[in-house]
Amino acid sequence: MKLKKQVTVCGGAIFCVAVFSLYLMLDRVQHDPARRQNGGNFPRSQISVLQNRIEQLEQLLEENHQIISHIKDSVLELTDTGAVSPSGQLPFRSANGSWVLPFDGRPTFLSVKPQDCQFALVEGHYSMLDVYSLLSFDNVDGGVWKQGFEITYEPTEWDNEPLQVFVVPHSHNDPGWVKTFDKYYNDQTQHILNNMVVKLAEDPRRKFIWSEISFFVKWWESADAHKQDVILILGGQLEIVTGGWVMTDEANAHYFAMIDQLIEGHQWLEKNLGVTPRSGWAVDPFGHSATMPYLLKRANLTSMLIQRVHYSVKKHFSSSRSLEFMWRQAWGTDLFCHMMPFYSYDVPHTCGPDPKICCQFDFKRLPGSRVNCPWKVPPRAISDANVAERANVLLDQYRKKSKLFRSKVVLVPLGDDFRYDKALEWDQQYVNYQKLFDYMNSHPEMHVQAQFATLTDYFSAVYKANGVAQGQRPPGYPVLSGDFFAYADREDHYWSGYYTSRPFYKNLDRVLESHLRGAEILYSLAVAHARHAGMEGRYPTSDYSLLTDARRNIGLFQHHDAIAGTAKEAVVIDYGTRLLRSLIGLKRVIINAAHFLIMKNKDVYRFYQTEPFLETDDRRATHDSLPQQTLIELDSSPRYLVLFNPVEQERLCVVTVLVNSARVRVLTEDGQTLPVQLSAQWSSAVQMSGEASFMARLPALGLAVFHLYDSVDSPMTLRSDTLLRLPGRSQSVRGIDPLPVLQIVIGEINTCEIIRRKDDPQEVRVQIQFFTYGTRPSKDKSGAYLFLPDGNAKPYTQRDPPIVRVVEGPLFAEVVTYYQHFQQTIRIHNVPGVDGLSLDITTMVDIRDQTNKELAMRLLTDIQSEDTFYTDLNGFQIQPRRYLQKLPLQANFYPMPTMAYIQDSQYRLTLHTGQALGVSSLASGQLEVILDRRLMQDDNRGLGQGLKDNKRTANRFRLLLERRSSSSRAVDSGPVSFPSLLSHMTSAILNHEVLALPVIPKKRGVPPLRTFSPLAAALPCDFHLLNLRSIQNQDAHSPSPYTALLLHRLGLDCGLEAQNPGFNCSTTQGKVSPRSENRGSLVIPMSLTLMYSAAPLSNSSIISLEPMELSAFKLKLR
């Protein structure tokens, strides 16, 4: 009763403050002398100001109302349980079996302005969903262009406007595939670049493009001064295209890593070459994401090229001359895109529709070479005797290709994988083509102008021919939205297997990305604080080299044969070794920064390289092993634990640490004892050690300090109830009143069967079942790239029924089911806010004894989703999908980097994932995700291996059930959908776990520590702080005074019922002050990769972002 009075008084006080504020403001308006002079006639500007103030006051009153409502609800929950502790101690179990926890005492509110849910969606374009509904996917034989059609033309078509031909020599260099990055460099790439320097200098008409900066940097660092000077004066002959560290995968990569590798490449180019890329070049990623044009546009590129698109889509776009289009986001931003029309980016498939003829103009394949033409007609060296005939044959192909486009400008790439590694090839290609060009250009009756070119030369000619500026939409050119998954290169060979291939490393990649972001943020803050305190010399700023190493290794792994899981086993080991080295380095950066930031008295701060102040949260013995949690050894003296929250909002969550005692007491920094749930950590169904779980409230992007003791007298510590269940019995596991909002029921077949929101009497059936796919018995089979199943999935079966373990306690309850090839853990957290609003699911998979099997997890629900489901693209945006009966099963799978959902007019069910996997919805109410694949053969795409290096892999998920608000029963049907605010937050806590860092005991004792909370004011909760990235000095081994701030304003679906997130959450119509923590400092708006700057913001300026906008700023932290 006393508690109820206290919170009621608190709420009333807040309300009184709001009313008094309203009174003061109205009083100020009434007594404003300027208004008295105007005799009551308000100028329009002042009326506008007054209206704004009244709106702000209305918003404040609404927020106060919500605070009081939450206080009232909390008090009612406490009183409704009849919660009277028999001993006066909390937590305890009430008469109805419910756990009652100490009241958190922090009223929170959720306030999302209606304006923050409104999108100016752009009309006037067509989507890939529309295209897919039109296509028959019939794969009719098109003649010489097998997947296309016969192309004809009138010879006089170019009489008034000659055909412009731009031949673009290129060499596609995979930073790891069948060889490791270093072996490719030593065997081929260094020779390509060495020859380039010599051969381009021989003739100013020669051009070349290069994409992969990872290779270029390695070459540059070993190149002599002469070679570097030649590169700097080559000018327009060499173009850097895209300029990323790699040519990134677009299906599995997260937008954090896609941007980071682009920044790493662009920053190096700017500092070393003074180059700013203008055009994107993506010839080898296996399908293309709509996220890429947005990122390139924000980096100030004006055009892009793509290649690997479903052959039926290419044919459709070719027939309507729509291969060049404005690729638009649903919210309006677009970029000019060129889609290559034919099968491949190699020479036989780039000069025109007939590969038999085009191959004759790949002069590397001249007789005597180790490479020949499969069509049995070899190239012939160009001579005076044959140049006329050869030029006319080639021009015929150029003309036919140009008929697929709207301008009389044609692009002809000239290259392939690791081409131009021999000086002879440079001569063969450039000399023979120059003879052809000279002949064509000297014969006006041919009406052609042919030349070597860079990619931007081509795009500039297209813009000029259409009379528009660089990057502008040419008149009449189509506008398209959507993406290009799933990719098929022939027949029913869909490249949807690599969405899951090698899931262990897809998960490790996500862990690395979270650590890199956390390390960047803490390092930037620590260095800024050290500079401000005049202690820069005592802080290990040399950790910057560890950040650089991690940026580059994570960037390398975004390559389309790395995170895709499509490299040879030895190459995978090389990637894994690099990732583990970077993970260890990032943990060091984090503990060094945390050490400095939590010191109460910075004067006593000392850094010793060999004596770290903190331990890491976990350790991995090898690159392919799962992490082992750090054991905290307790005694009667306090052990200090530092918790790092990498999320930009305050976080209320359950934290679990491994301890050596069953008598644990946990205290906050100010001495408050916290309830602790003790349970066993089960390394198998029968082996265990001790876990202590407690509820912690952590500051946004901050570090909180806790004390742990081995204490006999610890009434706040309760042991979990554990039982093993034999098959055939039903056991319920409930989220316990008053806090949790979910219930699950475990059914006879040991699957999660029902999810019920506590405040909703209606149950939603959600069965989790497991299935397996085989591969085709003959001819083409599934491999690293392709998914070619032997029909529908079959239910997973095993001879012995599974063991089920049920754990229940005050902070969480979980069910663990042990099968032969996997174990599944479903956990409910008994805490208010985001952490308690979804099911935490971990599926530990080990299929190393299987042959040609793929394991799938299927959710079966009674949600009426029909044929529509939704998957994310790169964790950045949502793409609606439709299950199409006219396509084979494997064509209906799509990449799921972070989430997928189904919905109807009442509910939305979202599966959040902690690693990229393949997903589909094969029937109404279903979601199905492929967990792992073990395949014994190559799928004939060049790898030469199957997938036989499977690891024991932990696939992590969150399952979120949301109810549509009664005022918003309409379901998304257009080309755009967005997660709810709760869904965004759920994804954030899944992908950015709290790091628990124990302080290492010191002989002289631990100096005073304090919580570090970097934000002076909370960020609006529809803002995501993507990164706070220290910018390098010229010496490349230390940070400059500047930091890059990357912000993303999230797109929200506000039609789902809002839940209390556990912290104060409000939106501001996209406005945030950059100086809330950074007063008086310089803030400069930048392009996404920091190569272009705008005018600095004034001291009174605020940052304003539209929904979905990504923006970068350069600033000095203080």
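**Entry 1: a helix on a sheet.** I started with α15, which lies across β46 and β47 and runs at about 60° to β46. Helices (H or I, at least four residues) and strands (E, at least two) are DSSP runs, numbered from the N terminus. I took contact to mean heavy atoms within 4.5 Å. Axes are lines fitted to C-alpha atoms, for helices over the stretch in contact, and angles run from 0 to 180 degrees between N-to-C directions.

**Entry 2: what I am reading.** This is a predicted model, in which local features need pLDDT of at least 70 and side-chain atom pairs count only at pLDDT 80 or more, while totals for chains, interfaces and linings use all residues. Residues are numbered from 1 along each chain as its sequence is written, and side-chain values use heavy atoms, with hydrogens and water left out.

**Entry 3: the four-stranded sheet.** I noted that strands of a sheet pair through backbone hydrogen bonds, either parallel or antiparallel. Two strands are paired here if DSSP finds at least two bridges between them. This open sheet has four strands in the order β46-β47-β52-β50, and the pairing is antiparallel. β46 (1023-1032) and β50 (1083-1086) are its edge strands, each pairing on one side only. On average, neighbouring strands are turned by 25° against each other, direction ignored. α8 also packs on this sheet, where it touches β46, β47 and β52 (1110-1115), and its direction makes about 25° with that of β46. Eight bridges join β46 to β47 (residues 1039-1049) in the antiparallel sense. In this pairing I found Asn-1027 opposite Leu-1046 of β47.

**Entry 4: the five-stranded sheet.** A second open sheet reads β21-β20-β24-β18-β45, with antiparallel pairing. β21 (673-674) and β45 (995-998) are at the edges with a single partner strand each, so one side of each has no neighbour in the sheet. β18 (residues 639-644) and β24 (residues 703-710) are antiparallel and share six bridges. Leu-643 stands opposite Ala-704 in β24. Helix α17 (residues 569-598) lies across β18, β24 and β45, at about 70° to β45.

**Entry 5: α5 and its partners.** Two packed helices are described by the angle between their axes and the distance between the axes. For α5 (residues 181-202) and α13 (residues 423-441), the axes come within 9 Å and cross at roughly 40°. The two are therefore oblique (under 35 degrees is roughly parallel, over 145 roughly antiparallel, 65 to 115 roughly perpendicular, and the rest oblique). α5 packs with α6 (residues 213-222) at about 70°, the axes being 10 Å apart. That pair is therefore roughly perpendicular.

**Entry 6: an aromatic pair.** Rings of Phe, Tyr and Trp (its six-membered ring) pair if their centres lie within 6.5 Å; planes under 30 degrees apart are stacked, over 60 edge-to-face, and the rest tilted. The count by this rule is 58 aromatic pairs. I looked up Phe-286 and Trp-495: the ring centres are 5.1 Å apart and the planes are at 45°, so the pair is tilted.

Entry 7: Most residues other than glycine have a negative phi, and most peptide bonds are trans. The peptide bond from Phe-485 to Ala-486 is cis, with omega near -5°. Ala-486 is in the loop between β14 and α15. Thr-242 has a positive phi, near 60°, and is found in the loop between β7 (238-240) and α8 (255-272).
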